[in-house]
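Please keep the sequence and the 3D view open while reading.

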Amino acid sequence: MNPASFYQRQTILKEIGDAGQKKLTQARVLIIGAGGLGHPVATYLAGAGVGHLTICDHDHVEESNLHRQILFTPKDIGKPKAEVLSDRIRAQNPLIQVHTINHKLTASNAQQHLACIDVIVDCCDNFATKFLLHDSAFLWSKDLVQASIYQMEGQLQIFPFQTQGRDQGCLRCLWPTVPSANAVGSCAQAGVIGAVPGVLGTLQAMEVIKLICGFGRSTCAATTTINLLDLQTDTLKWRKQAQCSLCGDSPTITTINEQAYQNETTCEVNSEVDIELSDLNPEEFILIDLRSSDERLKSPTRASSEALLFSDYEHWKNQISKTQKTLFICQRGFRSADIAQRFRSQGYQACYSLKGGIENAAI
Ligand SMILES: [Zn+2]
């Protein structure tokens, strides 16, 4: 194998060149999750010549994985995912080093596994691990590229804490606490077409290559949502919050506390929060709309409502009273349930969320 000819088609790009290829060869990237996102990420980073790739997953291949985890074959069923994916990637590009972690990344082993890493690629499917990776990336100044999918939609978030510093805001400015595990459905419950994580994982790989080589522009402290039903994209940018528990002026999260990430559900959504349209009189409630401006344009509400950015939470805490009936609405009822729960945990017992969101009950 001759590196010059292997990488020739990308080194002729002015954005890569020999200097960029050298940076890729020296880069150390950790992929968390060898599933639908992890496969395209691993494939394209190996192809690009990332010199040190580590693949971490504690699961085994199942038959229901094969339609989207495209490098697995029926012969792999029952084998450790991280090992099988690592073998495929080594075969794809023998010029790079591929390392395998067959156990779960936890708060107690995170520092050990992240110590020598430049970029973390979050391809996992649970909030506890996403927050663990995010907080670790912030505290130890690593770049982080996150993606998640829900049915036909994907979300991408980039936190270049190593290459661009820690002043742009963090995930906890938007979501102060780890959302409940049931705030969004898993692939098993919600369903997934393999091409959706394929698209998002490919975007993650491209963002990693941009970060390593230092070209292009990435929107940071923002969630980019891509709806693959109509190819519409929407970017929700948020502001750094002075009171953020991680990046704010007086942070309370200063180390990785092993207890904080043990439960997959640290903020359980109380079923009393969810309210059906038929059970409420909209005139009794202040309506607060959590959707982005694009979402609001697509499905306007008939009732008048105030718009609220997720990051305006602290502001709204001073605007509504603890006894005022307040109904949060969003597209599907996940964000609204989470924020209503967050208000309730602060003593605002008259906060509710419209069950199923605007999609299920036009208001
Ligand atoms: Zn923050």
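A crossing of two helices is called right-handed if the near helix is turned clockwise from the far one by less than a right angle, and left-handed if the turn is anticlockwise. The model described here is predicted.

## Helix 4 and helix 5

Helix 4 passes helix 5 in a right-handed crossing. Contact is made by Gly 38, His 39, Ala 42, Thr 43, Ala 46 and Gly 47 on the side of helix 4, and by Leu 85, Ile 89 and Gln 92 on the side of helix 5. Two packed helices are described by the angle between their axes and the distance between the axes. Here the axes come within 9 Å and cross at roughly 25°. Angles under 35 degrees count as roughly parallel, so helix 4 and helix 5 are roughly parallel to each other.

Helix 5 covers residues 81-92 and lies across strand 2 (52-56) and strand 3, running at about 175° to strand 3. Its buried residues are Lys 81, Ala 82, Val 84, Leu 85, Ser 86, Arg 88 and Ile 89. These buried residues pack against helix 4 (38-48), strand 2 and strand 3.

## The whole chain

The chain has 14 helices and 13 strands. Of its 363 residues, 43% count as buried. Among contacts between residues at least 6 apart in sequence, 71% join residues at least 24 apart.

Eight strands form an open sheet with mixed pairing, in the order 3-2-1-4-5-6-7-8. Strand 3 (97-101) and strand 8 (232-237) stand at the edges; each has a single partner strand, so one side of each is left without a neighbour in the sheet. On average, neighbouring strands of this sheet are turned by 15° against each other, direction ignored.

Strand 6 and strand 7 pair in the antiparallel sense over four bridges. One of the paired positions is Gln 155, whose bridge partner in strand 7 is Thr 225. Strand 7 (residues 222-227) is also antiparallel to strand 8, to which six bridges join it. Within this pairing, Ile 226 stands opposite Thr 233 of strand 8, and the bridge partner of Asn 227 is Gln 232. Strand 7 and strand 8 form a hairpin with four residues between them, and Leu 231 in the turn has a positive phi of about 60°.

The buried residues are Phe 127, Ala 128, Thr 129, Lys 130, Phe 131, Leu 132, Leu 133, His 134, Asp 135, Ser 136, Ala 137 and Phe 138. What covers them includes strand 1, helix 6 (110-114), strand 4, strand 5, strand 6 and helix 8 (171-174). The 13 residues of helix 7 (residues 127-139) should span 18 Å at 1.5 Å a residue, and its end C-alpha atoms are 18 Å apart, which agrees.

## Residues with positive phi

Just after helix 7, Ser 141 takes a positive phi of about 50°. Gln 151, in the loop between strand 5 and strand 6, has a phi near 50°, a positive value in a residue other than glycine. Ala 221, in the loop between helix 10 and strand 7, also has a positive phi, near 50°.

Ala 221 has 21 within 10 Å, so Ala 221 is buried.

How values were computed:
Residues are numbered from 1 along each chain as its sequence is written. This is a predicted model: local features need pLDDT of at least 70, side-chain atom pairs count only at pLDDT 80 or more; totals for chains, interfaces and linings use all residues. Two strands pair if DSSP finds at least two bridges between them. Helices (H or I, at least four residues) and strands (E, at least two) are DSSP runs, numbered from the N terminus. Axes are lines fitted to C-alpha atoms, for helices over the stretch in contact, and angles run from 0 to 180 degrees between N-to-C directions. Two residues are in contact if their C-beta atoms, placed from the backbone, lie within 7 Å. The expected span of a helix is 1.5 Å times one less than its number of residues. A residue is buried if 20 or more other C-beta atoms lie within 10 Å of its own, exposed if 12 or fewer, and partly exposed in between; C-beta atoms are placed from the backbone. Angles under 35 degrees count as roughly parallel, over 145 as roughly antiparallel, 65 to 115 as roughly perpendicular and the rest as oblique.
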